[in-house]
Amino acid sequence: MAEPVVRIPDAKVALSTASVYPESTATAFEIAARLGYDGVEVMVWTDPVSQDVEALRRLSDYHQVPVLAVHAPCLLITQRVWSTDPWVKLQRARAAAERLGASTVVVHPPFRWQRQYAKDFVTGIWRMADETDVRFAVENMYPWRYKDREMLAYAPEWDVTKDDYRHFTVDLSHTATARTDALAMVDRMGDRLGHVHLADGKGSAKDEHLVPGRGTQPCAEVLERLALSGFDGHVVIEVNTRRAMSAAEREADLAEALAFTRLHLASAVRRPTERAPRP
């Protein structure tokens, strides 16, 4: 029997509902089903459907697209979504993930001005992780920049590998904005890397979320490394399509991102080198 020449990991490829903005959460389910994504990650934000677990369940059932992850409402524009208390937000995100059958809650580190939340964040995330089978995967962020000025907006750290978490999310648009080495960050995360936000960037001060392959990040190399390591988390396409001139152009971008991801997750198997014959 011939040996396999590629190894395809168990990782599923999901579409973030943020990738269809300014279209709706419901549109993301429809596109994910049509293009053949394995599931969706729900970005909980100002769209009422994204906040409604029963509405999400109905969309999942109708389109036969599972919810694989829930992104807690951590953005500036979601400060009042699901309470103003950040711990309540995470409790509701966990409850939503459990009810929807999602394995992961994605969470950002706190903003620096959320002082008490930031002070207790690392121990609080461990406590919440101990209470559920859902993974709390803390996501790397970046310094905020304006011209020659830099502001550290996140605490304890935007580089989450400097703190002790059970699971991490690596976001390759954020590594571009931070101007940090994505492969080195993946190495530091090691077997605690449980979730990937796949996007690209060119190192702009703006968080770009380009289609993979259109920037400078090692998207292909990261995917190939995941394939060789047997990564069993989720790879989530989280790209910015708001400049798409039509629905067809948006869908073409999301199809391209999916094809890129599947191609590079199918990694060549490394065969042991043959020993040279003895003289």
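The lining of the second largest pocket has 7 charged, 3 polar and 3 nonpolar residues. In this count Ala, Val, Leu, Ile, Met, Phe, Trp, Tyr, Cys and Pro are nonpolar, Asp, Glu, Lys and Arg are charged, and the others, Gly among them, are polar. This is a predicted model, in which local features need pLDDT of at least 70, side-chain atom pairs count only at pLDDT 80 or more, and totals for chains, interfaces and linings use all residues. Residues are numbered from 1 along each chain as its sequence is written, and side-chain values use heavy atoms, with hydrogens and water left out.

**Pockets**

- A pocket here is an open set of points, on a 1 Å grid over the protein atoms alone, where a 1.4 Å probe fits, with protein on both sides within 12 Å along at least five of seven lines; lining residues have an atom within 4 Å of a point.
- Grid points are joined across faces, edges and corners, and a volume is the space filled by probe spheres set on the points.
- The second largest pocket holds about 320 Å³ of space.
- Of its 13 lining residues, those nearest the centre of the second largest pocket are Glu208, His209, Leu210, Asn240 and Arg243.
- The largest pocket has a volume of about 830 Å³.
- Among the 28 residues lining the largest pocket, Leu75, Tyr142, Asp207, His209 and Arg242 are the closest to its centre.
- The lining of the largest pocket consists of 15 nonpolar, 7 charged and 6 polar residues.

**Helix H8 and its partners**

- Helices (H or I, at least four residues) and strands (E, at least two) are DSSP runs, numbered from the N terminus.
- Helix H7 (residues 219-229) and helix H8 (residues 247-265) have axes that come within 8 Å and cross at roughly 45°; axes are lines fitted to C-alpha atoms, for helices over the stretch in contact, and angles run from 0 to 180 degrees between N-to-C directions.
- H7 and H8 are therefore oblique to each other, since angles under 35 degrees count as roughly parallel, over 145 as roughly antiparallel, 65 to 115 as roughly perpendicular and the rest as oblique.
- H7 passes H8 in a right-handed crossing, a term for the near helix being turned clockwise from the far one by less than a right angle (left-handed if anticlockwise).
- On the H7 side, Cys219, Ala220, Leu223, Glu224, Leu226 and Ala227 are in contact (heavy atoms within 4.5 Å) with Phe260, Thr261, His264 and Leu265 of H8.
- That contact of H7 with H8 has 7 nonpolar, 2 polar and 1 charged residues.
- Helix H1 (residues 25-35) packs against H8 at an angle of about 55°, and their axes are 11 Å apart.
- This angle makes H1 oblique to H8, and the crossing of H1 and H8 is right-handed.
- Ile31, Arg34 and Leu35 of H1 meet Glu251, Leu254, Ala255 and Leu258 of H8.
- The contact of H1 with H8 divides into 5 nonpolar, no polar and 2 charged residues.

**Helices H3 and H4**

- The axes of helix H3 (residues 86-100) and helix H4 (residues 115-129) come within 11 Å, crossing at roughly 25°.
- That angle makes H3 roughly parallel to H4, and their crossing is right-handed.
- H3 brings Pro86, Trp87, Leu90, Gln91 and Arg94 to the contact, while H4 brings Tyr117, Asp120, Phe121, Gly124, Ile125 and Met128.
- By class, 7 nonpolar, 2 polar and 2 charged residues form the contact of H3 with H4.

**Backbone details in the loops**

- Tyr21 and Pro22 are joined by a cis peptide bond with omega near 15°, and Pro22 is in the loop between strand E2 (12-16) and H1.
- The peptide bond from Ala155 to Pro156 is cis, with omega about 0°; Pro156 is in the loop between strand E8 (149-151) and strand E9 (167-171).
- Ser83, a residue other than glycine, has a positive phi near 95°, and Ser83 lies in the loop between strand E4 (67-71) and H3.
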